Amino acid sequence: MSAALPQPQSQSQRQPLPLPLLKADCTDCFALCCVALPFARSADFAVDKAAGAPCRNLREDFRCGIHTGLRDKGFQGCTVFDCFGAGQQVSQVTFGGRDWRSHPGTARAMFEVFPVMRQLHELLFYVDQALALPAARPVHADLRRILAETEELTRADADTLAAADVPALRAGINTLLLKTSELVRAKVPGKKKNHRGADLMGARLAGADLRGANLRGAYLIAADLTRADLRTADLIGADFRDADLGGADLTDSIFLTQAQLNAARGTAATRIPPGLDRPAHWTA
């Protein structure tokens with residue numbers, strides 16, 4: 001054991017834990033999101049599709065035939081979706097590389113397991129983010145324990161995964177994530193705004209000081225968040241569809257996902273946390 005513990009890093013200095021399995025790798029997936037999941041004709045999808053039916057744009061090699069033009073052709077929802085790496089886990093680990101076309105007997109179980117695995121990988125993503133936060137050190141031991149349990153479940157067979165009590169697991173993890181949020185946001189001086197679950201659709205929040213705010217599950221659809229300061233804000237589950245994040249500062253925000261960024265609008269001036277990618281549709 002070393003003589004002294006390392007000094008905690010500030011959130012701006014910290015780097016996310018390198019867990020590539022929590023990022024989608026479509027080259028190792030059998031297009032499960034294009035088959036297993038249903039979608040309805042809407043602003044996000046040009047057509048209806050039933051669960052288990054291949055999307056009409058899916059090619060024989062499991063690639064999308066209109067990948068570079070999804071938004072232009074009415075499939076914006078596809079560009080927002082993120083499986084957190086569940087697709088390749090199910091394809092290559094749970095089913096050992098046997099695809100549903102060559103082995104049609106696997107199809108039903110594979111499509112049933114995929115949504116379960118996605119939830120597990122999403123939970124792993126949040127726990128991993130919490131473990132990277134020095135302020136959450138009081139709950140790190142519990143977070144490491146539940147991380148190990150959840151990772152073990154992701155390596156289980158299809159029957160075990162299909163029977164998994166994901167709501168119970170999510171409830172236990174959420175308790176720790178709430179504590180993490182409280183610990184991190186307590187470091188922000190002054191009174192923090194509490195907009196948990198608030199209806200902020202179309203809200204005019206340009207330039208708003210939202211440092212340390214609780215925006216868990218808030219409806220920020222089409223909200224104007226240009227130049228807003230969202231550092232250290234809890235953004236878990238916040239709905240950013242068509243929200244304008246132009247020039248906003250999201251560095252050090254907690255529990256922000258790639259899917260949330262993909263759903264929003266932003267610019268080159270929008271600051272995002274390390275480990276997340278600037279969406280291709282954002283403007284310069």
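**Reading the labels**

Guide: Let's start with a pair of helices: H3 and H4 are roughly antiparallel to each other. Keep in mind that this is a predicted model.

Visitor: Why are H3 and H4 called roughly antiparallel?

Guide: Helix H3 covers residues 107–131 and helix H4 covers residues 140–154, and they pack at an angle of about 155°. Angles over 145 degrees count as roughly antiparallel, so that's the label H3 and H4 get. Their axes are 10 Å apart, and H3 passes H4 in a left-handed crossing.

Visitor: Which residues make the contact between H3 and H4?

Guide: On the H3 side they include Met117, Leu120, His121 and Leu124, and on the H4 side they include His140, Leu143, Arg144 and Ile146. Sorted by class, this contact has 10 nonpolar, four polar and two charged residues.

Visitor: What makes H4 roughly antiparallel to H6?

Guide: The axes of H4 and helix H6 (residues 166–185) cross at roughly 150° and come within 11 Å. The cut-off is over 145 degrees, so H4 is roughly antiparallel to H6. H4 passes H6 in a left-handed crossing. Asp142, Leu143, Ile146, Thr150 and Leu153 in H4 meet Leu169, Gly172, Ile173, Leu176 and Thr180 in H6. By class, that contact has six nonpolar, three polar and one charged residues.

Visitor: Let's switch to rings. How many aromatic pairs does a search of the whole structure find?

Guide: Eight aromatic pairs. One of them is formed by Phe39 and Phe75.

Visitor: What makes the pair of Phe39 and Phe75 edge-to-face?

Guide: Two numbers settle it. The centres of Phe39 and Phe75 are 6.3 Å apart, and rings pair if their centres lie within 6.5 Å. The planes are at 80°, and planes over 60 degrees apart count as edge-to-face, so this pair gets that name. Phe39 and Phe75 are 36 residues apart, both in the segment before H1, and both are buried.

Visitor: Why is the pair of Phe84 and Phe125 called tilted?

Guide: Their centres are 5.3 Å apart and their planes are at 50°. Under 30 degrees would be stacked and over 60 edge-to-face, with the rest tilted, so Phe84 and Phe125 make a tilted pair. This one links distant parts of the chain: Phe84 is in the loop between H1 and helix H2, while Phe125 is in helix H3, 41 residues apart. Both Phe84 and Phe125 are buried. Ring pairs also link Phe30, Phe62, Trp100 and Phe111 into a cluster.

Visitor: How do you know that Gln129 counts as buried?

Guide: Its relative accessibility is 15%, and buried means under 20%, so Gln129 counts as buried. Gln129 lies in helix H3. In sequence, Gln129 and Leu256 are 127 residues apart, yet their C-alpha atoms are 9.3 Å apart in space.

Visitor: What makes H2 mostly covered?

Guide: Count the residues: seven of the nine in H2 are buried. Among them are Ala86, Gly87, Val90 and Thr94. H3, H4 and helix H5 (158–162) are included in what covers the buried residues of H2.

Visitor: And which residue takes a positive phi just after H2?

Guide: That's Gly96, with a phi of about 55°.

Technical notes
Residues are numbered from 1 along each chain as its sequence is written. This is a predicted model: local features need pLDDT of at least 70, side-chain atom pairs count only at pLDDT 80 or more; totals for chains, interfaces and linings use all residues. Side-chain values use heavy atoms; hydrogens and water are left out. Axes are lines fitted to C-alpha atoms, for helices over the stretch in contact, and angles run from 0 to 180 degrees between N-to-C directions. Helices (H or I, at least four residues) and strands (E, at least two) are DSSP runs, numbered from the N terminus. Angles under 35 degrees count as roughly parallel, over 145 as roughly antiparallel, 65 to 115 as roughly perpendicular and the rest as oblique. A crossing is left-handed if the near helix is turned anticlockwise from the far one by less than a right angle, and right-handed if clockwise. Contact means heavy atoms within 4.5 Å. Ala, Val, Leu, Ile, Met, Phe, Trp, Tyr, Cys and Pro count as nonpolar, Asp, Glu, Lys and Arg as charged, and the others, Gly among them, as polar. Rings of Phe, Tyr and Trp (its six-membered ring) pair if their centres lie within 6.5 Å; planes under 30 degrees apart count as stacked, over 60 as edge-to-face and the rest as tilted. Buried means under 20% relative accessible area, exposed over 50%, partly exposed in between (1.4 Å probe, protein chains only).
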